Amino acid sequence: MLIRLIYCSRVRPSVSTLDVRSILSVSQRNNAHNGITGGLVFTGGIFLQCLEGHRSAVNETYHRIAADSRHFDPAILSWEEVDSRQFTTWTMGYLGYTGENSSLFLKYAAGKDFDPYACRATAVREMFAEVVANAKMLKQNVD
Ligand code: FAD
């Protein structure tokens with residue numbers, strides 16, 4: 001059973017760019033091994049992540065991630081059974097806020113700042129679909 005889970009969480013203030021880099025590379029390594037694909041968005045101190053894969057692999061990975069002390073307040077925004085993956089070529093693509101992609105974040109923001117905790121499930125799903133459709137937005141590494 002293929003599922004897609006989207007959650008958000010808040011980064012601990014002590015976490016540096018180097019830590020985010022390490023999170024991304026460990027994610028890519030482990031996800032390749034576990035048949036998981038997805039994307040990690042990081043903006044305004046908030047992570048928004050999409051995980052796709054076998055239900056048991058995604059559940060296991062999510063519980064490991066939720067216990068990670070580098071972030072807190074994890075909230076599942078969307079969980080659905082799906083027929084196909086969106087992130088077919090990404091074991092974990094990365095998207096950080098930049099001046100160039102600011103309109104994407106504003107598009108899904110109720111206020112002036114993008115806040116996934118305040119988004120509807122349909123909005124975060126649509127946002128990831130848009131990111132995948134514009135795959136050049138995704139990076140393999142944290143700049
Ligand atoms: P190890 O090889 O044991 O550790 C990898 C590195 O991370 C080491 O440098 C270690 O010191 C450091 N590290 C591990 N856990 C912690 C911790 N709790 N606090 C500080 N440093 C730590 N993992 C995935 O497998 N797939 C994902 O998609 C994924 N996404 C993540 C998204 C976010 C927002 C965060 C915060 C973490 C994510 N992780 C993901 C990492 C996950 O939480 C675990 O740290 C990781 O899966 C452990 O894998 P490992 O045992 O192979 O790592």
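Author: Happy to. This is a predicted model. Let's begin with Leu 48, which has a relative accessibility of 1%.

Reader: Why is Leu 48 called buried?

Author: Buried means under 20% relative accessible area. Leu 48 has 1%, so Leu 48 counts as buried.

Reader: What makes Leu 48 part of a strand, and which one?

Author: Leu 48 falls in strand 3, which covers residues 46-54.

Reader: Which residues does Leu 48 touch, setting aside those up to four places away in sequence?

Author: Among them are Ile 6, Val 41, Leu 77, Phe 114, Met 127 and Phe 128. A contact here is a pair of heavy atoms within 4.5 Å. As for Leu 77, 29 residues from Leu 48 along the chain, the two C-alpha atoms are separated by 9.4 Å.

Reader: Good. What about Gln 49: buried or exposed?

Author: Gln 49, also placed in strand 3, has a relative accessible area of 4%. The cut-off is under 20%, so Gln 49 is buried.

Reader: How do you know that the side chain of Gln 49 makes a polar contact, and with which residue?

Author: The partner is the side chain of Tyr 7, at 2.5 Å. A polar contact needs a pair of N or O atoms within 3.5 Å, and 2.5 Å meets that limit. Beyond its sequence neighbours within four places, Gln 49 is in contact with Tyr 7 and others, including Leu 5, Ile 65 and Met 92.

Reader: Let's turn to the ligand. How many residues surround the ligand, and which are the closest?

Author: There are 19 residues around the ligand, and the closest are Ser 27, Arg 29, Asn 31, Arg 64 and Asp 68.

Reader: Which elements give two or more residues to the shell around the ligand?

Author: They are helix 1 (17-34), strand 3 and helix 2 (55-66). Helix 1 gives the most, with 7 residues.

Reader: And what is the make-up of the shell by class?

Author: The shell has 7 nonpolar, 8 polar and 4 charged residues.

Note on methods: Residues numbered from 1 in each chain as written. Predicted model: local features only at pLDDT ≥ 70, side-chain atom pairs only at ≥ 80, totals over all residues. Heavy atoms only, no water. Helix = DSSP H or I, 4+ residues; strand = E, 2+ residues; numbered from the N terminus. Buried < 20%, exposed > 50% of the residue type's maximum accessible area, 1.4 Å probe, protein only. Near = heavy atom within 4 Å. Nonpolar A, V, L, I, M, F, W, Y, C, P; charged D, E, K, R; others polar. Polar contact = N/O pair within 3.5 Å; in protein donor to acceptor, adjacent residues only side chain to side chain.
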